[in-house]
Protein chains: 2
Amino acid sequence: MTQLEAARKNIITPEMKRVAEKEKLTQEFVRNEISAGRLIIPANINHLKYRLDPIGIGIGVACKINANIGNSSTTSDVNCELVKLHMAVHYGSDTVMDLSTGGDLDKIREAMIRQSTVPLGTVPIYQALSEVEKVEDLSWKMMRDIIEKQARQGVDYFTIHAGVLKRHVDLTKNRITGIVSRGGAILAQWMLAHNEENFLYAHFDEISEILRAYDVCYSLGDGLRPGCLADASDTAQFAELDTLGELTARAQAMGVQVMVEGPGHIPMDQIVMNVERQQKVCHGAPSYVLGPVVTDIAPGYDHITSAIGATVAGTAGAALLCYVTPAEHLGLPDAEDVRQGVIAYKIAAHASDVARHRPGARERDDQISRERFAFNWERQFALALDPEAAKTKHDSTLPQEGFKDASFCSMCGPKFCAMKITKDGRAIKSSSPSLSSVIPEGVIGDP
Amino acid sequence: MTQLEAARKNIITPEMKRVAEKEKLTQEFVRNEISAGRLIIPANINHLKYRLDPIGIGIGVACKINANIGNSSTTSDVNCELVKLHMAVHYGSDTVMDLSTGGDLDKIREAMIRQSTVPLGTVPIYQALSEVEKVEDLSWKMMRDIIEKQARQGVDYFTIHAGVLKRHVDLTKNRITGIVSRGGAILAQWMLAHNEENFLYAHFDEISEILRAYDVCYSLGDGLRPGCLADASDTAQFAELDTLGELTARAQAMGVQVMVEGPGHIPMDQIVMNVERQQKVCHGAPSYVLGPVVTDIAPGYDHITSAIGATVAGTAGAALLCYVTPAEHLGLPDAEDVRQGVIAYKIAAHASDVARHRPGARERDDQISRERFAFNWERQFALALDPEAAKTKHDSTLPQEGFKDASFCSMCGPKFCAMKITKDGRAIKSSSPSLSSVIPEGVIGDP
């Protein structure tokens, strides 16, 4: 029984209990959100046998982030990928996707499933393509076997690009960057070569049967997501989205949990509209956005261009933010890129939670702010998203241990620190009661 | 005659012509915006004698960014600061503030004015405090002399914290981080010690006279800006803002150009409200925001936490975005921090311009996207905000020159590149006309 099927039967599973505990929500709330299709718990029955600690993804719980790792044919190996996995989880990634396209894919995936405490996602068509010479050689039969193998292995969610239909492909012809999803491009080429419908769409219910058997979640892929600002929110993108809405309902009807992927490259003024449209078309299924990057002109800094978009998307209700690293558009990320991407997205997800007024979301902000005002440098570092980076930056100018108790840093020095001056001022004030007479009544203190 | 006085007399100055040329706007539009107080050209008559290339700051022109540089008593010297100045201008900062608080302040400022092609701002009260032993020793007379000296020297705009009034100080008493503006904290302590009104407020018209003589712009400082999310949008902040609105009108009436500073630390869901409120209270004077950072928990990464807020602010109409560097809250930025801050804010300002549909804003995005799709790696690097960073990241995995012509990078390798597959697919399609029959009428192509 999948989490969705259990929820519909009013059963509270151990995974629901764990999610309720982590999110500080009632078990009944969690069950009800899952039952409504607004919350998923990606927990393959065969990954639960290892070290998986279940998490929930949905608009009713804290915003989550995903880190994409995995090698390519030109770069990296199993050990490098495990280092990236640990880096991602250490800095707080809630899920990880293994997007490997080179080397022994089964072995890398097996190692990750055994090691990962967070849900692991894959894109099965990558393995399919890696096993044939040309895109045209792909077939439903081999695809089905790979999906079944990876599901049995313990993968928690699959990106399945079933929404890219034959009639959509021509809609991309005037785009500047065409199709930029690997899965979408592969399927488009296959459809063009065979003049047949996308086999993932044609056999969608068969795929759902496999996913249901292991409780693998769908991550319905947006194969036609825009690859630049100019291509955003176009006919192709929204035509596919309508199909994804149809497939969401079909999968949920079969008891399979679903989230839906979203773009990509989107100007600031179109992000909220995109999240809301996706939520509406896909019946409130969790929105899983990639970025979006809000400008195309900053390769090398796309963790920033995309964290900006991701924060807007998270604030608008996106449930899972797929990170982008500084290596985006330029090469395969290394472990340091993974760290930079994860931290940028922890910022995005947390700022979204604060903006959505999630209970308790701002507590850590308030705590670190109190330590900052108290000049407890070590506590401030400890509460930071990346304590080592904060300490290193501080120590780059004032490394001596004595400065860990100083009422200033090298920015202002002892005489110009505003917080120190504020404190000195407060000390003056407590010995100068006459001042209170100048403060008008009714405006003292904050609400 | 200041730019504002000239504009009111229907005079088009050479500086207005230059701004119109750079912004691709009519000279009359520029003149009219200045006349209405919505646009300023910070161009001290004594800086124009050197290398200043005038720029406009206002909602009607492209969003601008400012880089704060300057030493402190613990760190840096003149040469370091000139390196930072060149770094900031090289990567595209539109204005620079010299916030030095240590060493020979006149000499550092003089060097910067002579070297800087962009407007230079200062906070004169820093020099005043550096020349006395204690905050209490400050006086209007010395302050006036310093303002006059710096104006004569050629500074283009001054942060003047004239909006912090005696009655406001107590409104900050329940804040977590008190007063975090250095100027605000200094003036609050001075007022508490003397039980007198802020001398910058008391002598505001005298200051305006000096500024008018050299056409120095006001940057009305937000001395009570929040220093953490918890303190955002509180009574103290908005009480000061009301005073800034009053002062904006007073200064403009005297012919002095004005922009108004804004916070600081603001949750995502309050940023648009803050920009709009400031615009309204201050009669449309250009909004100059510091960040805002959208979470307090990421010291070491505050160029990112704040670029997120700055992009939202810029999209809402902020005219000048003051950068925050990775060193914020931890120490004095070095040259590399300056670079990181500037790039993050070039992203924020540009994404805002695209979101506000400024004519031509998206051209560079479209151009780099075309080069990306064409695999013109060298052109893609050249069009990037930071070409060196883009090339370095690319070359970290595929350094050989041959890969500069490759139809892939190390992310996907030759077989999995979506853009390459798209192109292969298009090649198939052009030899397979039968496919067009499956595309429904009326939905072909983008609008």
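**The interface of chains A and B**

Guide: Across the interface of chain B and chain A, 26 residue pairs are in polar contact, both residues of each pair being at pLDDT 80 or more (N or O atoms within 3.5 Å, one able to donate a hydrogen and the other to accept it; residues adjacent in sequence count only if both atoms are side-chain atoms). The model is predicted, with local features needing pLDDT of at least 70 and side-chain atom pairs pLDDT 80 or more, while totals for chains, interfaces and linings use all residues. Residues are numbered from 1 along each chain as written, chains are lettered from A and ligands numbered from 1 in the order written, and side-chain values use heavy atoms, without hydrogens or water.

The interface also holds 2 salt bridges (a side-chain nitrogen of Lys or Arg within 4 Å of a carboxyl oxygen of Asp or Glu), and a salt bridge joins the side chains of B:Lys393 and A:Asp337, at 2.5 Å from N to O. On the side of chain B that touches chain A, helix H15, residues 335-355, gives the most, with 10 residues (helices are DSSP runs of H or I, at least four residues, numbered from the N terminus). That side of chain B comprises 63 nonpolar, 36 polar and 25 charged residues, with Gly counted as polar and Tyr as nonpolar.

In contact terms (heavy atoms within 4.5 Å), 124 residues of chain B meet 125 residues of chain A. Between them the two chains bury about 10,700 Å², 66% of it on carbon and sulfur atoms (accessible area lost on being put together, 1.4 Å probe, summed over both). In chain B, the most area is lost to chain A by B:Ile297, B:Tyr301 and B:Phe416, together 8% of what that side buries.

Definitions and conventions: Helix = DSSP H or I, 4+ residues; strand = E, 2+ residues; numbered from the N terminus.
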